[in-house]
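This briefing goes through one protein model, from its overall build to its charged side chains and a few loop residues. Please keep the sequence and the structure in view while reading.

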Amino acid sequence: MADAGGQPPQTLPLGFPEIEALVKSLYDPGHAKRIAETEATLRILQRSPQGWEMGDALLNSSDEQVRFFGALTFTIKLNADSAALGEDDSRQLLIKLLHHLVSHPASSVATRKLCSTLAQYFCKPISVWTQCVKSLAASFIQQQPILDDQLQSQPSTWDIFSQVSDAQLKILLEFAMNLADETKRISNAPKQVLFVRTPHNRMLTNVESIEALLQVSFNRGFKHLSTPTEDPDYDQSFQLGESICLAALKCFVGWVFYAQHDFKAVPENLKYLRSVTELALTCLEYHIEDAMELTADILENYPNFFEERHQKLLWSAITSQWGMDILQNLDAETVSLARIIVAYGSILLELRDKSFFKDPSNSHYQEVMSIHHELLKYPKPVGEEDEVAPVVLDFWATYITTVAELVNDHIEESSLEATPQEPPAWIASAKTHVFLAVSELLQKVIFPPQEILKSWDTEAKKTLKVFRIDVQDIIPEAYPLLRDELVDRFVDFTLQALEAKNWSELEAGLLSLKCLSESIGDGSDPRLIRLFEQPLFTTVSSDPTVPAFTGRTAVEAIEAFDKFFVRHPQFLPQVLTFLLGALSRPSLAHVAAKSFASLCAECRTSLTGELASFFQMYEQFISYPTAEEFTKSRVMEGIAAIVQAQDSEDARHTGLQQLFQYLANDAMQAINVMKETNDIEQGQVLALSTLKCLAGIGKSQQIPESESIDLTTSTIKAPPSQYWTHGTGKDIQNQIINFTNYLTHAFPDKADIMEAACNVLRAGFKESIPGPFVLPPAAGVDFITKTNLQTPRLPYVLETACCWITCHKSASLLNSPEYEEQARRLLHYVIGIMQALQHPRTDPEVAVGCIEFIDKFFNTMTLSLAPEEHARILRSEPAEILQGIFNFSIECVKAPEVLPKRAAAQLWKYIFETNSHPESPFHDIIQSIVDHFGPAATFALIYNVCGEVDSSSLENITVPLRKLIQADRRSRTFVTNALAENPLILRVKEMPGTEDDVRKFIDGLMRNARAAMAFKETVKTFWSRCKQWQMQLAPQTMHPGHRFAHGIHAGNGFQHSF
């Protein structure tokens, strides 16, 4: 017979013995170098029209690996070429596969692969197999393939399953499990019209057979497991019973999860699987491998499968002697049973009537809660030994969150009542459970002794770390329920640990308190005072036995409770002394520096009288080996905050002079290191440290938000202070400028140094009140305009220019007549960068920076209280300057790079939108821009709509196009001309329907300009059409990997020899 493709039969280039030898060589370590070549050869043979014959021949081999490869070959052919098979060919294929499976019923990799292949055949549209489970069982009994049309003459389903051997039964279960898994995989594919031969409908015809198969399998397995121990075949029977039950359980679970999705339309069919549930649960008490894991999988992912009677049966097993014995021994089985318990508890948590919470007298609920508490009481630490606590944590997280929600609902309902009501009894009971659970979790976050912790591997340490983070998320949820009771619990626990010098428990107590820092207010101060009035920090810093993790948490607690220390400055000496000591320890230095900066910023007004002591402390600190870039910058930032809080500008000036003296020493050291030792890398480190410290000082010199005055709205008439710009403090500003200029000049190619210098300048941009870092407008512009295309981190410099423009929008109110001149300088600088780039593709990041500056320049013109400066600048610019700006922006819109495109589209959105407001004082400028560049900008936008923009950026193009049409009556002409000149439209204009599509697009744009969603859909529809045109015009190329395949005659080569 000719193959299904109508081609004459072809022969394989190799004989079957040679092919078999190739397959065997894959598993021969002596041929490792030739494996890739052999695999390529076999792959070609598998995919050839004669692959069917090859698979059949290989399955006849006595070698298991060769038989596996034969089954694999059938799988490949099924997935690649089965669609061309006719019904007769499909029937022959099924007969051949059944023959091979029936002939080799022993469990092996080849047999399992053949089961998978048969399951895939069942799911293919060409399948002629419906009652597959009964058919396969009958084939085993008759020792020959029995297809659907022969089943009427066979015994009943139950009788057939009762007759199959144990080995055949396990193969049937393997096949049935594969059947569920394979059909589930394809169930999410796009649904076609359902007809009789769809896999799902065929699966439904097998569900009764599956019920019978599972019933027979479990009962036979239990029979083997019940063999008396004195029986001489006990060991063999017991192992056989275990293997049958495990196979049946896996098959059962596979069908349950298949049914979860695909039985929704026919829920009555679940009864066939639910009838097996009790047998499946019996596997638990037989300690069948994976039984608890598989049961937990169902409970967690498909809890509704278990009916109430099954849930009761399951809980009865948990509370039986079997379950209690497992819970007493902390091992792998305990973890698996904990999963079942937590999944069961989660079902109760989700009860619609919330009776699990509101009926505390229910004895069953009490028992469930008690066991969940017990699961947190194993004495072993989480990480390497206790794996139960992380499992049960999910239950308690849900419980606490739900209780909090229910209590809030009750409070809201009570507030609407005329007479306040007493809280229901269940609330007190629930709060008790929450308090107990948090107390139990507090014990579980305790670090194990150091010697144990050091012996743990990375995975165990990670487990404990993740668990502690999760607990820290739960504790704030519990606070609204317990409030002072919870604070007292943590404070008492911490004090007891401090007295006992139990450093691990002390750390856990501080960690738990730290979790409450954002929740508690000054009402909890008396409770915190009980803790902090003790020599907590003195003890932690002075006792050498305190581990690093306790010190770290103590440092973090200081930062967390910085507002408490503002309210109670009497504790600051102890705290600051502790932080200084922590700064000297490598394991604590970073977190200590961070806490120091935060604490000083919050408590600055309480520390102003101690500034001299802080300078002494800093001089001590810089002698530590831990004094490096990060720690120095944060410590200086903290001291600078105290300087900022001084009561006079002279005092601030004196403090800054001292800080700048430290900086000057570092800067000179950086230069000397580079010059004297030629150690550029070390010089760079010192220079970067200097600038980061300077930026930190600048950040701290900013007026706190609580004290800031907005000069644009203030009624204060006094002129701004000239102290820092023209008075005594001018030397500070000169030093700031010198630091940035000198260090960037000394290290011109170091990107980090350039970025740090920009951050120094930015520190003063946001300030509205004169200060040491509020430099004259020219200072920032001088620095920026010295950069060029070769400057490292140029996009960050351009971003700094944007900050200058944005933050100086009210500069005219600051008596700064030079603002207009400096803004013009920046504009010319950015135009110069554009000209140097020539095209946005030269450096897309720099192009984005340029466009964003222009956008900010225009936007600031709108937002500024004195927009005339910007308008005057633009009116005075030569036409060629403006032409360069907007031509560059149009090139950005047309460029394929995403970020320049989006930035330029945003600029044009602003221009078109502003053009719709003729009352604007600078409308004449915007109108002139649209007159000159509107057609070109429209062409660029339409160019993108015509398939040149990706879907993620299409909306960025749509918005300015819509603004154009809303604002300009000439927009139809602009759009029509742009489409007429578009390269794609010119190429497809002769295609049928093109003219109509273009006309509908133009009409849709004009009609829907006022409706955002309709306009967006119009653009998207035309964009999709243009993408189709592009595909039609694309050259038809062939991947080189397909050339050999096209040299082979078409067809599947399925022969009658089967």
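**Briefing on the predicted model**

Glu 637 forms a salt bridge with Arg 634, and the closest N and O atoms of the two are 3.4 Å apart. Both residues belong to helix H35 (residues 629–644), where they sit 3 residues apart, about one turn of the helix. With a relative accessible area of 11%, Glu 637 falls under the 20% limit and is therefore buried. The model is a predicted one, and the points below are grouped by topic.

**Overall build**

- The secondary structure of the protein consists of 53 helices and 0 strands.
- The protein is more spread out than a compact globule, because its radius of gyration is 39 Å, well over the 31 Å that the globule rule gives for 1058 residues.
- Taken along the principal axes, the box filled by the C-alpha atoms is roughly 110 × 90 × 75 Å.
- Of contacts between residues at least 6 apart in sequence, 75% join residues at least 24 apart.

**Surface and charge**

- Of the 1058 residues in the protein, 52% are buried.

**Salt bridges**

- The structure holds 49 salt bridges.
- One of them joins Asp 56 and Lys 96, with the closest N and O atoms 3.8 Å apart. This pair links distant parts of the chain: Asp 56 is in helix H3 (residues 51–59) and Lys 96 is in helix H5 (residues 87–103), 40 residues apart. Asp 56 and Lys 96 are both buried.
- Lys 377 forms a salt bridge with Glu 374, where the closest N and O atoms are 3.4 Å apart. Are these two residues buried or partly exposed? Lys 377 has a relative accessibility of 45%, so it counts as partly exposed. Glu 374 has a relative accessible area of 42% and is likewise partly exposed.
- A network of salt bridges links Asp 484, Asp 488, Asp 492, Arg 527 and Arg 530.

**Loop residues**

- Asp 543 is in the loop between helix H28 (536–542) and helix H29 (548–560). At 15% relative accessibility, Asp 543 counts as buried.
- Which residues does Asp 543 contact, leaving aside its neighbours within four places in sequence? They are Lys 501 and Trp 503.
- Asp 543 and Lys 501 are 42 residues apart in sequence, while their C-alpha atoms are 9.5 Å apart in space.
- Lys 501 itself lies in the loop between helix H25 (484–500) and helix H26 (503–515). Its phi is positive, near 55 degrees, although Lys 501 is a residue other than glycine.
- Lys 354 also is not a glycine and has a positive phi, of about 55 degrees. Lys 354 is found in the loop between helix H18 (332–349) and helix H19 (355–358). With a relative accessible area of 22%, Lys 354 is partly exposed.

How values were computed:
Residues are numbered from 1 along each chain as its sequence is written. This is a predicted model: local features need pLDDT of at least 70, side-chain atom pairs count only at pLDDT 80 or more; totals for chains, interfaces and linings use all residues. Side-chain values use heavy atoms; hydrogens and water are left out. Helices (H or I, at least four residues) and strands (E, at least two) are DSSP runs, numbered from the N terminus. The radius of gyration is taken over C-alpha atoms; the globule rule is 2.2 Å times the number of residues to the power 0.38. Buried means under 20% relative accessible area, exposed over 50%, partly exposed in between (1.4 Å probe, protein chains only). Contact means heavy atoms within 4.5 Å. A salt bridge is a side-chain nitrogen of Lys or Arg within 4 Å of a carboxyl oxygen of Asp or Glu.
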